[in-house]
Amino acid sequence: MNSTNKVINPILELTGVGIEFPTPKGPYKALTDVNLKISKGEMISLIGHSGCGKSTVLNIVAGLLQATEGGAVLEGKEVNEPGPERAVVFQNHSLLPWLSAFENVELAVKTIFDKSKSKVEMQEWIEHNLNLVHMGHAMHKRPNEISGGMKQRVGIARALAMEPKVLLMDEPFGALDALTRAHLQDSVMEIQKELGNTIIMITHDVDEAVLLSDRIVMMTNGPSATIGDILKIDLERPRSRIELADDPKYNHCRQQVLSFLYEKQRKVEPLTKATRYKKSKEKQIA
Amino acid sequence: MTLLAYENSHTLEVFLIIRCLIMNPFYERTKIEVFMKDKTVRLPRSLLSLGGNITDEKMPIWIQETIKAIMLPIAGLLLFLLIWGTGAQNINTSLGKFPGPTQALEQFNSLMSEHNNERIKEEAFYQRQDDRNSERLALDPNYQIKVRRYTGKPTFIDQTFTSLITVLTGFILASVIAIPFGIMIGLNKNIYAAANPIIQLFKPVSPLAWLPLVTMVVSAVYTSDDPLFAKSFVTSVITVLVCSIWPTVINTAVGTAAVSQDLLNVSKVLRLKPMTHVFKVVIPSAIPMVFTGLRLSLGIAWMVLIAAEMLAQNPGLGKFVWDEFQNGSSNSLGRIMVAVLVIGFIGFLLDRVMLMLQRMFSWDKQAILR
């Protein structure tokens, strides 16, 4: 299947990326030989079981972690530190709680467009981005005054306001309820259609991955996790979750991701001590 | 609720008792029964309604809460006064009975009137001096005017203000050093590792150990013919500073180091400049811990100052206590008791002021602060 994923003129290229973490028991190899090319305007999902190193891949692209082998190249430049051209939407919004929604976005805008934008332009740009995520009505509220979904919207607005070359989303909707999540997924699709961002998103949710992505990158289980398979989603945009629910192509994609996760990369969780203890007790009683 | 009344109780008496009950907001007054002559008499509504603002509902909860918030502390204070009063009567010292609340109050009043008298004397002194100078000037226009300061004994109030100014100076200086230093060691693990042994070593040192050294150093180093501050003041301030700096340093460092990793990541992705990072991310996040440190520091500063003043005979409340102890009159213990209470009360006020400042500076207005 990899052969069908030839990418011409990639904006971001991961070549032979591997990472080792030192532990008291010796080095732990979390990732090995991750190769991925992403073209401009593409929406990529990383999916895999927990602990497989999805977040590690994202953090390497973000520059928050340094790969010990290989590396990431963004538009011909190697990534070795964090920066606004690779904006991150964090799982738990990560807004500064002492600043209002507006001020949170302002902090980003002021830092990045310090010289290139006038005060009025910055103001307009902040408001534009908050309106884009439908947060215009609550832009002067503090994070603890708005709901989880709204916080995540502000987080997305902050990331978009940085005009990133690649938008990195680390399980952006993981902490939200299903209905809010659906709303935000629609918002992201809308925004991506309008701005044509290149997005890498980590997700646990098979439906989310199939609905949003152009390609789904499926990761094998760690240690030494790597890309197991890449699935191209050939569904026309704009996509509607209701229509797709009955679409055979959509269901086929879902089936493929599910079979990768639960057949090929089936993760057997070891029994915890507590359950083992309980079982031995039960045996004794019997 | 039932009320027992004797057979021969006057109706009015019973009625007054009922009124008292009704005024008690905690009492649910849907059922008031009065036992008279073994018979239960149910009071008619009309009788109850004579009490004025009587309704059948309980008082609103907020009124109940307010009354609780006022009544319970007052009850605690009254209990304390009772124990103090009775306890004091049973302690005999060489200077007479241990002072009870009434003696303390008497001494407080006498200290106040002494203060007022001293002020009147001072005014009179300056008046006399001015008169004399103008007289001399009238006789001889070339006369160089001499102005001498009033040298009366500092009163209790004077000593209190001296102590307050000293403690605030020491505390503010300590904070000005401690907060930036705490932020610095909190931001950098290596600096923290280097500074930690020093902090741990000096933190538990009592002011009394520092005092001789500080006194000697100040008298050696701080020499000028016309000093801006008295040497004793400088000694006290430095002692306070050295002893009260540590809680702020430690708490600021811990607060700074505990900024959540997510926010640090945000700062990295935004490539915030170091100063922006400190002022926009680190300090707001560390503010609660900084104030915890400041409040501890101020408490320690106040305690240390009194001890230092006692030992070094530096002007202030500590000296007042020591002087009274040496004086050994029958009033001395009462006066010391007044000083003890005033010291406690000022310490309490200082803490409240810090709490107010914390409320002002804290971004999270919903946080419960005690």
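**Notebook: strands, cores and salt bridges**

I began with strand S3(A) and found it mostly covered, as 5 of its 5 residues are buried. By "buried" I mean under 20% relative accessible area, by "exposed" over 50%, and by "partly exposed" anything in between (1.4 Å probe, protein chains only). Helices (H or I, at least four residues) and strands (E, at least two) are DSSP runs, numbered from the N terminus.

I noted that this is a predicted model, in which local features need pLDDT of at least 70 and side-chain atom pairs count only at pLDDT 80 or more, while totals for chains, interfaces and linings use all residues. Residues are numbered from 1 along each chain as its sequence is written, chains are lettered from A and ligands numbered from 1 in the order in which they are written, and side-chain values use heavy atoms, with hydrogens and water left out.

**Entry 1: the sheet around S3(A)**

I looked up the side-chain directions in S3(A). Met43(A), Ser45(A) and Ile47(A) point one way, Ile44(A) and Leu46(A) point the other way, and all are buried.

I then listed the neighbours of the strand, taking two strands as paired if DSSP finds at least two bridges between them.

**Entry 2**

I turned to S1(A), residues 10–23, and S2(A), residues 26–39, which run antiparallel and share 10 bridges. A hairpin connects S1(A) to S2(A) through 2 residues. Val17(A) has Val34(A) of S2(A) opposite. S1(A) also pairs with S4(A), residues 69–74, in the antiparallel sense over 5 bridges. The bridge partner of Glu13(A) in S4(A) is Val73(A).

**Entry 3: helix H1(A)**

I checked how far H1(A), residues 54–62, is covered: 7 of its 9 residues are buried, so the helix is largely enclosed by the rest of the structure. The buried residues are Lys54(A), Thr56(A), Val57(A), Leu58(A), Ile60(A), Val61(A) and Ala62(A). Just after the helix, Gly63(A) adopts a positive phi of about 90 degrees.

**Entry 4: nonpolar cores**

I took a nonpolar core as a set of buried Ala, Val, Leu, Ile, Met, Phe, Trp, Tyr and Cys residues joined through side-chain atoms within 4.5 Å. The largest core has 100 residues, and Leu130(A), Met169(A), Phe173(A), Val210(A), Ile216(A) and Val257(A) touch the most other members. A second, separate core of 38 residues includes Ile287(B), Ile336(B), Met337(B) and Ala339(B).

**Entry 5: salt bridges**

I counted as a salt bridge a side-chain nitrogen of Lys or Arg within 4 Å of a carboxyl oxygen of Asp or Glu. The structure holds 19 of these over all chains.

Arg215(A) and Glu42(A) form one at 2.5 Å, N to O. This pair links distant parts of the chain, with Arg215(A) in S9 and Glu42(A) in the loop between S2 and S3 of chain A, 173 residues apart. Both Arg215(A) and Glu42(A) are buried.

Glu85(A) forms a salt bridge with Arg271(B), the closest N and O atoms being 3.9 Å apart. Glu85(A) lies in the loop between S5 (77–78) and S6 of chain A, and Arg271(B) in the loop between H9 (261–270) and H10 (274–312) of chain B, so the pair joins two chains. Glu85(A) is partly exposed at a relative accessible area of 22%, and Arg271(B) is partly exposed at 38%.

Asp186(A) and Arg241(A) meet in a salt bridge at 2.9 Å, N to O. Asp186(A) is in H5(A), residues 178–195, and Arg241(A) in H7(A), residues 241–244, 55 residues apart. Asp186(A) is partly exposed, with a relative accessible area of 34%, and Arg241(A) is partly exposed at 30%. I also recorded a network in which salt bridges that share partners join Glu81(A), Glu85(A), Arg86(A) and Arg271(B).
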